[in-house]
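Morning, everyone. Please have the viewer open while I talk.

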Amino acid sequence: MEKDRYNDPLDDYVRKSFEEYEEDPAPDMWDRVEGELEPAGRVFWLFRWPTMATTVVLLLCCGLLGGHFYSEGKMSALTAEQPMRSTGVTRSHPVTPSGHVLSEHAPDRAQSSDTIRSHPGTFPSSPTNAPQLPESFELSGSSARMHGADTSSSSAPVLQNIPQTSRFDNLIPTWVGIKSSDSVRNGAGIKVQIRGDGIVAVEARGNLPTVSPDGNTPLPNQSNNHFTATNTYPAENPVLPNDSLNTSDLRFSQAPVVELKPPDPRIFQLETIQQHPLLPAAPPIQPARTPSSWYVGLHLMPNSTFEKNTAATTGRPRLTFTSEPQNPDFSTDGWLKVGKKISPRFGLESGVGYRATSATATHTAVLQFRDGSPLTPVSRTRNFRYNLDTYSGPASVSLRMEPADNGPVADTELLRVKIMTIEQVQLVRIPLLAVFRVGSGRLQGTLKAGATGNFFLRNQLNISMRTSQTSRFRPSPDSGSYSIQLDQPKQFFAGYWLSGGLEWKWSRHISLVAEPCFSGNFARKDANGRRLPDQVSLGGNVGVNYGF
Amino acid sequence: MTEPNLQACLRGERLAQKHFFECFKGKMFALCLRYANSREDAEDVLQEGFVRVFRDLPQYTGVGNLEGWIRKVFVNTSLQHLQKQKRMLMTAELDGQDIAEDSEPFFEDEPPARNMIRILQQLPPGFRTVFNLHILEGYSHPEIAEILGISIGTSKSQLLRAKAHFKKLLESNLTS
């Protein structure tokens, strides 16, 4: 850059006058610039910290509730098993198809139960009175008690035609084809494999000649009516043509068969059953329930709220004032709380609370006449804009003032305007508190401390009065001559909670709580780094807890 | 005030942009006032200038003084603003007929620069522009000629006339 300046004293004077000279533009200049800028790169909503904090709190609540219901489910399961144990009746006892268990006086009880216990398996998920099936059972000709004569072989047994309700073959699907009147030879038998809630396969071995319908007389041509164990018929496809039953080959299942010793066949004898009549299963005995470590509560907290302001009025980058409440605000918070006792001494408590306040605050705006923008080039009425920091957040105030007389007004002349505002706030509060209990018995002392998340449900500011404190200026009476608007209020802010009091157990489930409480919010700042007014609340938290 | 965080400004972080604005608004507003016809015009130029600065900040390579680069943006913005107002009638202003006879009073309690801004704003835009570019921005006549699209001779003559009028107004203000 070529320097061809003259060494004119005027040039030097002008240059020196403008060196380091700065002048502030209108207070709302940044707002105007910001309005022209492209929207800033917005963080994906999921990663904004209020959203994350809310998510964490909700997940915590869900986790607590889920944990509760899980433990409740386990309790129910244990309760359901209790009757069988308490009555001494095990699932290994012989059970008739009608769901009755044989009396514990049955002679084979010990043997049967021992056998079944050595092969624990899954029983059908059926009602208590439904037939209880072992994993498998076998009935062979050598172990079954047989009745009737076999004309061809003295050892050929024939199953007694005993009443339907006590016959083993009622546990076998009809497609097996073995009827109550079937006769069984020595070495022959059937084996039923049960897995889950159904019969998987039936295995037959040896010759199983059928007998006549009367149950006692074997058919003369037994060889034509025998069937051998060479086939497996899974339960998923339990179809056997009746006509080919006697000549079909039954093949053993490839799946390993858990063999259990059959109950003593004497139990199938009519005499035995008559001597030991079936007894219905005893009704389940419900165990005495003790309260879990969870509780919910309904609490009220009358409180007085105080506001404290630590920020001073600043002129940069824009005139900023802070509103100050006239009186403490009284309100009553409502709380729904849920908590868990981790140990007799320690626990966690959360919940949700609601607070509604309406406070009157004032501030005095001290402005210079030149801070205002004239409505028109010739107008003496000027619009003033400044920031106002409130508990609800930073706000922008627009105020129109005019000279009270026709005298000249210097740019530096001061205006003092007292503004009264009404601040209506509705808050949802979510605490997460650590609880410490002292003492034992019905009366316990509690100490709670933790953090709270606070969400604005409603946040409204209105100007209720404008008063000029100088005689030179007055508020413009025009409509729309003033306005106040919150600047992008933050919907979430964090706070703290400290309380200590007493909890009295009125009954096994219900306890009463009374505790003085002190709460407030952590420091917040506006966009310019100025600290916003803080609120502290002093009140008493009373309520009822229900342990379940 | 701490140095502005350019990287954050480039990312569009509003807080950093605001800090940037706070750092330079005073100097740039004083610059705008020297070129503009009124305070309102200067505020318009200031607003437009900062928008351009944030928009064109990626073009700043880091070579040279940042303030110098910003100043250049604001000078260009001021000139374009004057051209928009179609008041850059260089030839018509050579006569200096539209120079206000009634100048505003000179306030002794205010800094000299503020009073000089008042005087500058009474000068015709053409005189004011050459005066600013040459004396306060340090541009040579060939550069001014190129920037304004006038001849070098016109630039020189306008500067002489501008200084004469400025001196006259300054003296009249001081004597009053």
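A quick definition before the helix pairs. When I give an angle between two helices, the axes are lines fitted to C-alpha atoms over the stretch in contact, and the angle runs from 0 to 180 degrees between N-to-C directions. And keep in mind that this is a predicted model.

Look at α3(B) and helix α4 of chain B, residues 66-84. Their axes come within 9 Å and cross at roughly 130 degrees. Angles over 145 count as roughly antiparallel, and 65 to 115 as roughly perpendicular. So α3(B) and α4(B) are oblique to each other. Their crossing is right-handed.

Which residues meet there? From α3(B) we have D41(B), D44(B), V45(B), E48(B), G49(B), R52(B), V53(B) and D56(B). Facing them in α4(B) are I70(B), V73(B), F74(B), T77(B), S78(B) and H81(B). By class, that contact between α3(B) and α4(B) has 5 nonpolar, 4 polar and 5 charged residues.

Helix α2 of chain B covers residues 14-35, and α3(B) covers residues 39-56. They pack at about 140 degrees, with axes 9 Å apart. That makes α2(B) oblique to α3(B). Here, too, we have a right-handed crossing as α2(B) passes α3(B).

On the α2(B) side, the contact residues are Q17(B), F21(B), M28(B), F29(B), C32(B) and L33(B). On the α3(B) side, they are R39(B), A42(B), V45(B), L46(B), G49(B), F50(B) and F54(B). By class, this contact of α2(B) with α3(B) has 10 nonpolar, 2 polar and 1 charged residues.

Next, helix α7 of chain B, residues 125-136. It has 12 residues. From first C-alpha to last, α7(B) reaches 15 Å, close to the 16 Å expected at 1.5 Å a residue.

Is α7(B) mostly covered or mostly open? Mostly covered: 11 of its 12 residues are buried. The buried residues in α7(B) include F127(B), V130(B), F131(B), L133(B) and I135(B). R128(B), N132(B) and H134(B) are among the buried ones as well. Just after α7(B), G138(B) takes a positive phi of about 85 degrees.

Zoom out to the whole of chain B. What is it built from? It has 9 helices and 0 strands. Along the sequence, the pattern is α-α-α-α-α-α-α-α-α. Of the 176 residues of chain B, 38% count as buried. Take the contacts in chain B with a separation of 6 or more: residues 24 or more positions apart account for 63% of them.

Chain A next. It has 6 helices and 18 strands. Buried residues make up 28% of its 548 residues. For contacts in chain A with a separation of 6 or more, the share from residues 24 or more positions apart is 69%.

Last item: the two chains together. How many residues of each chain are in contact? 27 residues of chain A touch 35 residues of chain B. In chain A, the elements giving two or more residues to that side are α1 (9-18) and α2 (29-36). By class, the side of chain A that touches chain B has 14 nonpolar, 2 polar and 11 charged residues.

That's my tour. Over to you for questions.

Definitions and conventions. Residues are numbered from 1 along each chain as its sequence is written. Chains are lettered from A and ligands numbered from 1 in the order in which they are written. This is a predicted model: local features need pLDDT of at least 70, side-chain atom pairs count only at pLDDT 80 or more; totals for chains, interfaces and linings use all residues. Helices (H or I, at least four residues) and strands (E, at least two) are DSSP runs, numbered from the N terminus. Angles under 35 degrees count as roughly parallel, over 145 as roughly antiparallel, 65 to 115 as roughly perpendicular and the rest as oblique. A crossing is left-handed if the near helix is turned anticlockwise from the far one by less than a right angle, and right-handed if clockwise. Two residues are in contact if their C-beta atoms, placed from the backbone, lie within 7 Å. Ala, Val, Leu, Ile, Met, Phe, Trp, Tyr, Cys and Pro count as nonpolar, Asp, Glu, Lys and Arg as charged, and the others, Gly among them, as polar. The expected span of a helix is 1.5 Å times one less than its number of residues. A residue is buried if 20 or more other C-beta atoms lie within 10 Å of its own, exposed if 12 or fewer, and partly exposed in between; C-beta atoms are placed from the backbone.
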